[in-house]
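Student: I would like to go through this structure with you. Could we start with a contact between helices and move on from there?

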Amino acid sequence: MMVLEGTNHEFTVRKNECPGLMRNLRIDSIEQAERLVEELHLDAERMRDFAESGSDWFFEFDSELRFSFVSGQLEQVIGIEPKYLLGKTVGDFSKHNRLASEAHLFNDIRAKMIARENWKDLTFSFVRDDGKHLTLRTSGKAFHDKNGDFAGYRGIGRDITEQVSKESRLKSLAQIVETSLNEIYMFDADTLKFIHVNYGTRKNMGYSDAEFRELTPVDIKPDMTLDAFQMIVEPLRNGSEQRLIFETVHQRKDGTVYPVEVHLQLVQSGAGSAFVAVIQDITVRNKQTEALRLRDRAIAEVETGILITDAGQDDNPIVYANKAMERMTGYTMQEMLGQNPRFLQGDDRVQPGLERIRFGINNAVPVRETLSNYGKDGSRLTVEVSISPVRDEKGNVSHFIGAQSDVTDKLNTEERLRQSQKMEAIGQLTGGIAHDFNNLLTVVLGNCELLVDRVRGDDFAGNLLAEAIGATEAGASLTKQLLSFARQSPLQPKVMNLNNLVEDLSDMLIRSLGETVELSKKLASDLGNTLADPSQIKSAMLNLAINARDAMPEGGRLTIETTNMVFTEGEAFQSYGIEPGQYVCLTVSDNGVGMPDAVKSRVMEPFFTTKEQGKGTGLGLSMVHGFAKQSGGHLDIYSELGHGTSVNLYLPVVGASADEVAIANGNGNTNIQGNQTVLVVEDDARVRRTTVARLEQLAYQVVQAESGPQALDILAKRNDIDVVFTDMIMPGGMTGAELLVQVQDLYPQIMQIITSGYAEDGTIPNDGTPCLRKPYSLAEMSKVFRQLSA
C-alpha cells in the first residue's frame, strides 16, 4: 500500500508487479506521485514489449484456474485466439488436443495446482486442429492477493517442437555413430589425441575408451610414422582439401593387423578443431578385388579367345578382348573395340551358324556354333564359338560373352584320324585276304613245280604249267603290295643312310623320268641314319618318282630332298600319330598339276587311282604309306591344284653306324645237308602237304606238326631233328616266333627257318633267323635251306 499524505489519493502497488519498489514508500507530493505512476506505466509497457517480442507466451490463471490473461504469441503456436481462452480452464479447450497417452501428465499438474504448488518445465504434446503435432513446455508459479490469499497462477510457455526434433535427431545420430560397426574416430587437430571413439572401434580394436584417450592415430598404424601422417592431413589443415580418402593398415591391441580405408575430415566447432575419421575394414573387399584381378588375369591369359560385347549399346559392340583373341585374329584389342564381332567373318556372311547365333542373341539364350572367321592377314580360321548372355542383378541382359577356340588344327587332326582309321580297317581286311591268298598261292606254286619234272618232254603240259607258275608269281607280287599297304609285309630292316640310297638310284631315276623331267637333289650333309628295309625304300622312291613324272605330262622338275626333323610330343601324336623324337625326312616334290582336295583325301586308299584303266593298280602310294607306318614313320602329302605336290616320308633316326645291320648273320650252324631231318610246323593242311612234298623232292627227311605245342612234343620224343621250319601265324596260342624261342632255349643245336605270308609289327624275329616269304618257289626254298650250311 502506498499513501500520499495530505491528500485524498490512494495508490495500490503490488510488489510482484513492481519489484523495484519498496514495500513502504512515502510520497510527499502530487508531482512525485505522478512521476511514480508514469514510471510504473513505463515499466509495464516495457515488460509487455519484452513479452510480445519473444516467441514464448505468458498466461495467468485466476483462483478458479481459469485463463485470465494470455499473450498473443500463443495464437501463433496453437492457432487459437487468446479471447477464446479467457474464462476457460485448460481442460475446457484442450481436451480434444491432447494425447490420451499423456493424460497422466495433466492429472499430475492439476493435482499440483489444487495443492497451490508451482510447476516447472511441464512438457506435453498438443495436436492442433489442423492435425499438426507440437511439443510444448510450460512453467507456472502461484500468486496471492493483498490479503495473502491464493489468487491464481502466472506462467510462461514455449514451443519446443523443433528443439525436441533436433535433439531427437542428434540423439539418433549419436546412437547410430556409437553403435556403428564401422570404426569412427574423433581426435584433436593439434595434439592428435583421440577425443572420442565409438563402440565399433572399441570392440574391434580391443582398447577401452580410457586407453584410446592416451593414443593417437599413429599408434594404431604400424606402417606409418608421425611425419608421414602429418603430411597426409596437411591438405585438410591448409584448406586445399575438404576430405581425404586413403588406405592403410590398423593394428589391434592383440597385435593383429587388417587393411582399412580411411575417410578423414577436419571439423570446426566452438570447442576447437578436430579430425573425424570413418574407417572401413576392407579385408573382404581386398579379397574380392584380388579375386576379380585374378579372374581378369586368368581371362586375359587363357588360351581360349574371349570377347565381351555391350548389349545396351547399338549394334552390340565389343568392349573387351583377351590376349588369346589378339593372337588368334591378329587384331589388337584397341582395333576390335567398338566393332560388332561380325567383322571377323569378313565377306563370308552366308554361314548357317551365323543365323543360329543371331537367334541366340536376339532371344538371350546360350548358343554354340562352328564358324569361319578371318584374321587380320586374311587367313581363314575354323573356330568353335560359344556365346552366353550376362545378366545384371535385375536379371536384364547387360552383356554377351563369347569364347572362341581355333579348331582348324583339331579338325585337320580329326580328319587325319578318320583317314587313318579307315586305312587301318582297309589294311586289316586286305592283310587277312592276302595272307589266305598267299597260302593258296604257295600250294598252287608248289604243286606246279612238283609237276614240272613229271611232264618233262610234254611241251603242251609244260607250257600250261609255265603259265600257271607265271600267274602264281604275278599273284604273289600283287599280295606283296597288298601286305605292304596293310603293314603286314615281313621286313628285313638295315641301318642305312637315305643319301646313299638316293645316290645309288639316281641313274635309274633319270632313265625312268625321261628327258622332259629334270631331277634335282638337295641332300642334308648331316643326315641321320634310319632302320628300314632297303628294298622297300627303293620301291617307295621309284613309286613316288613315277607318280611325279605322270603329274608333269609337259615336263618339269622333280626334287628329292633329305632333311633332319625333330617332332615334339604334342606335334608328333596330334599331327602324325607317331612317337616324338628325331626323324629323317625324304621329300619327293614336283611342279606338276597338283591334286584337288577330293583326290588328296583318298590318294592313299588301295586301288584308288586317277590314271587311265590299265595304267595303274592304285597300290603305289598305299604301299608306301603302309611301309612307312610299319617302320615307325609316317607319309604326308601336300598338294595345291596347279602348283604341284610334295610327298614327305618320315622315318625314325637310329644311333647306329651306316655299316651296322639290324639282323644278325645267322646262328652259326653249318651242318645242314640234303639228307637232314626237317620238322615242318604248319597249321594249313594243304600248305603242309605241299611243303613236305617239296622238301622230300630236295632229299630231306620230313616230320610234320600242325601246331607249336605238337612240335615241342615231337622234339621232346625225338633227337634226330636237325631243322625246325615253321609258319609264323598259327592257331593254338603259340606263334612260330614263340616256338622258335623255346626251341632255341631247349635245343640250341637245332637250326631254324621261318615262313610267313604276312607279319604284324614286331612279330618277325630280328635275330638272324632265315625267312621265306610266301609264296616262295622251290628254288628259293632250296637256296635258303642250303645257305644255312654257308
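Student: Which residues of α20 and α23 meet?

Tutor: On the α20 side they are Thr691, Arg694, Leu695 and Gln697, and on the α23 side they are Leu778, Met781 and Phe785. Please keep in mind that this is a predicted model.

Student: How do the residues of that contact divide into nonpolar, polar and charged?

Tutor: The contact of α20 with α23 has 4 nonpolar, 2 polar and 1 charged residues.

Student: And what describes the packing of two helices in general?

Tutor: Two numbers are used, the angle between the axes and the distance between them. For α20 (residues 685-697) and α23 (residues 778-787), the angle is about 65° and the axes are 11 Å apart.

Student: Is their crossing left-handed or right-handed?

Tutor: The crossing of α20 and α23 is right-handed.

Student: Let us change topic to α15. Where is its kink centred?

Tutor: The kink in α15 (residues 498-513) is centred on Ser506 and amounts to about 50°. Ser506 is also one of the buried residues of this helix.

Student: Which other residues of α15 are buried?

Tutor: Besides Ser506, they are Leu498, Asn499, Leu501, Val502, Leu505, Leu509 and Leu513.

Student: What do the buried residues of α15 pack against?

Tutor: Their partners are the strands β18 (494-496), β19 (517-523), β20 (529-532), β21 (556-567) and β22 (581-590), together with helix α16 (534-550).

Student: What is found at the start of α15?

Tutor: There, a side-chain oxygen of Asn497 comes to within 2.9 Å of the backbone nitrogen of Asn499. Just after the helix, Gly514 has a positive phi of about 90°.

Student: You mentioned β22. What does Leu586 touch?

Tutor: Leu586 is in strand β22. Leaving aside residues up to four places away in sequence, Leu586 touches Leu498, Val502, Met541, Ile560, Glu561, Thr562, Val647, Asn648 and Leu649. Leu498 and Val502 are among the buried residues of α15.

Student: How far apart are Leu586 and Asn499?

Tutor: They are 87 residues apart in sequence and 9.2 Å apart in space, from C-alpha to C-alpha.

Student: Why does Leu586 count as buried?

Tutor: Leu586 counts as buried because its relative accessible area is 1%, and the cut-off for buried is under 20%.

Student: What about Thr587, buried or exposed?

Tutor: Thr587 is also found in strand β22, and it is buried, with a relative accessible area of 10%. The side chains of Thr587 and Asn648 are joined by a polar contact of 2.7 Å.

Student: New topic: where is Ser71?

Tutor: Ser71 is in the loop between β4 (67-70) and α2 (73-78). Its relative accessibility is 2%, so Ser71 counts as buried. A polar atom of the Ser71 side chain lies 2.7 Å from the backbone nitrogen of Phe58.

Student: And Glu81, where does that one lie?

Tutor: Glu81 lies in the loop between α2 and α3 (90-94). At 31% relative accessibility, Glu81 is partly exposed. Glu81 and Val70 are 11 residues apart in sequence, with 9.2 Å between their C-alpha atoms.

Student: Where are Leu65 and Asp121 found?

Tutor: Leu65 is in the loop between β3 (57-61) and β4, whereas Asp121 lies in strand β5 (residues 119-127). Leu65 is buried at 11% relative accessibility, and Asp121 is partly exposed at 42%.

Student: Finally, the whole protein. How many helices and strands are there?

Tutor: The protein has 23 helices and 29 strands. Of its 790 residues, 41% count as buried. Among contacts with a separation of 6 or more, 56% are between residues 24 or more positions apart.

Technical notes: Residues numbered from 1 in each chain as written. Predicted model: local features only at pLDDT ≥ 70, side-chain atom pairs only at ≥ 80, totals over all residues. Heavy atoms only, no water. Axes fitted to C-alpha atoms, helices over the stretch in contact; angles between N-to-C directions. Helix = DSSP H or I, 4+ residues; strand = E, 2+ residues; numbered from the N terminus. Left-handed = near helix turned anticlockwise from the far one by under 90°. Contact = heavy atoms within 4.5 Å. Nonpolar A, V, L, I, M, F, W, Y, C, P; charged D, E, K, R; others polar. Bend = angle between axes of the 7 residues up to and from the residue. Buried < 20%, exposed > 50% of the residue type's maximum accessible area, 1.4 Å probe, protein only. Polar contact = N/O pair within 3.5 Å; in protein donor to acceptor, adjacent residues only side chain to side chain.
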